[in-house]
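Hi,

Here is the structure I promised to pass on.

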Amino acid sequence: GGEFLLVRGHRSREALEKLASGTKWEIHTWITHAEVVSNPVPDLPPVDAVLALSPVQALALLEVDGGVKRFAWGDSAAKVFAEAGAPADAVCEPNAEALRALLEARRS
């Protein structure tokens, strides 16, 4: 568990906060893009892990370094991480139950 970063969370924030409730992870939102990644990307708050819900979100997170775990919601986000040489530490199916299981199983 630890501090968890959700990229571009304004639409899904409430649902994911409820989903993470009771796990060892606290979700923070980080608005980085609309349809394309913001340039420059906003400063990253201190976190232990990041979650990319889409390939565009994975692109926004490629610059994140320093031992931060990368989680991918589905194979398409994981593929972006892998192709950039920064493979995801965990990948889950793109559904709420799989994400909940990932958050319960993963530790910082």
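Predicted model: local features only at pLDDT ≥ 70, side-chain atom pairs only at ≥ 80, totals over all residues.

Residues are numbered from 1 along each chain as its sequence is written, and side-chain values use heavy atoms, with hydrogens and water left out.

On naming, helices (H or I, at least four residues) and strands (E, at least two) are DSSP runs, numbered from the N terminus. Two strands count as paired if DSSP finds at least two bridges between them.

Now the strands. β3 (residues 49–52) runs parallel to β4, and 4 bridges join them. On β4's partner β5 (residues 90–92), the pairing is also in the parallel sense, over 3 bridges, and there Phe 71 stands opposite Ala 90. The chain gets from β4 to β5 through helix α3 (residues 75–83), in a right-handed β-α-β crossover. β3, helix α2 (residues 55–61) and β4 form a right-handed unit too. Right-handed here means that, with the strands pointing away from you, the path from the first strand over the helix to the second runs clockwise.

How much of β4 is buried? Of its 5 residues (69–73), 4 are; buried means under 20% relative accessible area, exposed over 50%, and partly exposed in between (1.4 Å probe, protein chains only).

Next, the inside. A nonpolar core is a set of buried Ala, Val, Leu, Ile, Met, Phe, Trp, Tyr and Cys residues joined through side-chain atoms within 4.5 Å. The largest one has 16 residues, and Phe 71, Leu 99, Leu 102 and Leu 103 have the most contacts inside it. Its largest share, 4 residues, comes from α4. Leaving aside neighbours within four places in sequence, Leu 99 is in contact (heavy atoms within 4.5 Å) with Leu 16, Leu 19, Leu 51, Trp 73 and Cys 92. A second, separate core of 12 residues includes Ala 52, Val 64, Ala 72 and Val 80.

Finally, α4 itself. Ala 98, Leu 99, Leu 102 and Leu 103 are buried there. They sit on the same side of α4 because they cover an arc of only 135 degrees around the axis, taken from the directions from the helix axis to the C-beta atoms. Glu 97 and Ala 105, on the other side, are exposed.

Cheers
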